[in-house]
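Biologist: I am new to this model and would like to know what the terms used for it rest on. Please take me through them one at a time.

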Amino acid sequence: MMILPYALGICMVAITLSMLLCLYRLIIGPSIVDRLLALDTLFLNATCLVVVLGIFWSTTSFFEGALLVAMLGFVSTAALARYFTSGHVID
Amino acid sequence: MQLFMEILVSFFLVIGAFFMLVGGIGMVRLPDLFMRLHAPTKSSTLGLGSFLIAAIIYAAFEGRFGFPEVLITLFAFITAPVSANLMAQAALHLRLRSMSGNVPETLDRPLPWQRQRRNLRRYEKKSNDDLV
């Protein structure tokens with residue numbers, strides 16, 4: 001274990017900076033679709049952070065948690081986009 | 001062997017970190033929603049893809065097959081264009097303006113679940129013209 005902890009630290013710092021930039025867009029976003037896009041990117045960054053933590057602690061159950069986060073992000077994004085477009089989620 | 005695995009995993013991790021940072025910066029820097037839709041695709045394909053390649057290599061050197069990583073890759077690569085398309089349809093429905101000028105044909109084009117209603121309205125109009 002010589003260079004892997006440094007690379008994982010770089011990854012965590014980069015993902016945290018990306019999440020902060022998405023949070024900035026989520027707060028100042030001019031329209032509601034900008035905020036939805038920032039929320040989708042936040043879900044993506046959370047998935048990546050869970051994957052990196054799974055490498056960091058070398059456990060297998062974190063990857064299934066990452067799969068759950070990805071599925072939750074897609075369902076929430078699709079439901080919110082459908083609600084903004086047609087006013088109701090399910091016909 | 002351990003050093004070789006660490007170099008390989010660290011290489012893909014640093015590439016993924018760079019592209020995640022590019023996606024986050026593009027989220028703030030780009031001026032328009034339709035340009036801003038490009039930013040998370042970089043971090044979803046290249047960033048998440050590189051992280052999952054690193055995780056698969058790490059799992060292979062630990063002696064197990066990374067099946068959940070392959071599932072995350074498949075799921076992310078299938079659902080990213082679908083959610084981007086849904087958000088673009090929502091933006092077209094809310095009539096958000098693009099910085100690159102007016103695009104009337106895309107604004108007038110009906111959404112897939114409005115096409116039936118639009119055709120019905122056109123038919124009613126034509127029948128009224130026939131009556132007049």
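Modeller: Two residues are in contact if their C-beta atoms, placed from the backbone, lie within 7 Å. This is a predicted model, in which local features need pLDDT of at least 70 and side-chain atom pairs count only at pLDDT 80 or more, while totals for chains, interfaces and linings use all residues. Residues are numbered from 1 along each chain as its sequence is written, and chains are lettered from A and ligands numbered from 1 in the order in which they are written.

Biologist: Which residues is Cys48(A) in contact with, leaving aside its neighbours within four places in sequence?

Modeller: From its own chain there is Ile15(A), and from chain B there are Met20(B), Gly47(B), Leu48(B) and Phe51(B).

Biologist: What makes a nonpolar core, and which residues have the most contacts inside the largest one?

Modeller: A nonpolar core is a set of buried Ala, Val, Leu, Ile, Met, Phe, Trp, Tyr and Cys residues joined through C-beta atoms within 7 Å. A residue is buried if 20 or more other C-beta atoms lie within 10 Å of its own, exposed if 12 or fewer, and partly exposed in between. The largest such core has 52 residues, and those with the most contacts inside it are Cys48(A), Val51(A), Phe51(B), Ala54(B) and Ala55(B). Two or more residues each come from helix 1 (4–28), helix 2 (32–57) and helix 3 (61–86) of chain A, and from helix 1, helix 3 and helix 4 of chain B. Helix 2 of chain A gives the most to this core, with 12 residues. The helices are DSSP runs (H or I, at least four residues; strands are E, at least two), numbered from the N terminus.

Biologist: How many residues does each chain bring to the contact between them?

Modeller: Chain A brings 46 residues and chain B brings 47. On the side of chain B that touches chain A, helix 1 (2–29), helix 2 (33–36), helix 3 (39–62) and helix 4 (67–93) of chain B each supply at least two residues. Helix 1 of chain B gives the most to that side, with 15 residues. By class, that side of chain B has 32 nonpolar, 11 polar and 4 charged residues. Ala, Val, Leu, Ile, Met, Phe, Trp, Tyr, Cys and Pro count as nonpolar, Asp, Glu, Lys and Arg as charged, and the others, Gly among them, as polar.

Biologist: What does the secondary structure of chain B come to?

Modeller: Chain B has 6 helices and 0 strands. Of its 132 residues, 30% are buried. Taking contacts in chain B between residues at least 6 apart in sequence, 55% join residues at least 24 apart.

Biologist: How do you know whether helix 2 and helix 3 of chain A are roughly parallel or roughly antiparallel?

Modeller: Their axes come within 8 Å and cross at roughly 175°. Axes are lines fitted to C-alpha atoms, for helices over the stretch in contact, and angles run from 0 to 180 degrees between N-to-C directions. Angles under 35 degrees count as roughly parallel, over 145 as roughly antiparallel, 65 to 115 as roughly perpendicular and the rest as oblique. The two helices are therefore roughly antiparallel to each other. Residues that meet include Leu36(A), Phe43(A) and Val50(A) of helix 2 and Val69(A), Gly73(A) and Phe84(A) of helix 3. The residues of this contact divide into 17 nonpolar, 5 polar and 1 charged.

Biologist: Which residues of chain A does the "transmembrane region" annotation cover?

Modeller: The unreviewed UniProt entry gives residues 6–24, 36–59 and 65–85 of chain A. Such positions are given in the numbering used here, feature names are shortened, and annotations may be inferred rather than shown by experiment. In the model, residues 6–24 of chain A are 100% helix, with end C-alpha atoms 27 Å apart. Residues 36–59 of chain A are 92% helix, and the end C-alpha atoms lie 32 Å apart.

Biologist: How does Leu96(B) count, buried or exposed or in between?

Modeller: Leu96(B) has 18 C-beta neighbours inside 10 Å and therefore counts as partly exposed. Leu96(B) is in the loop between helix 4 and helix 5 (104–108) of chain B. Not counting residues up to four places away in sequence, Leu96(B) touches Ser31(A), Val33(A), Leu33(B) and Ala91(B).
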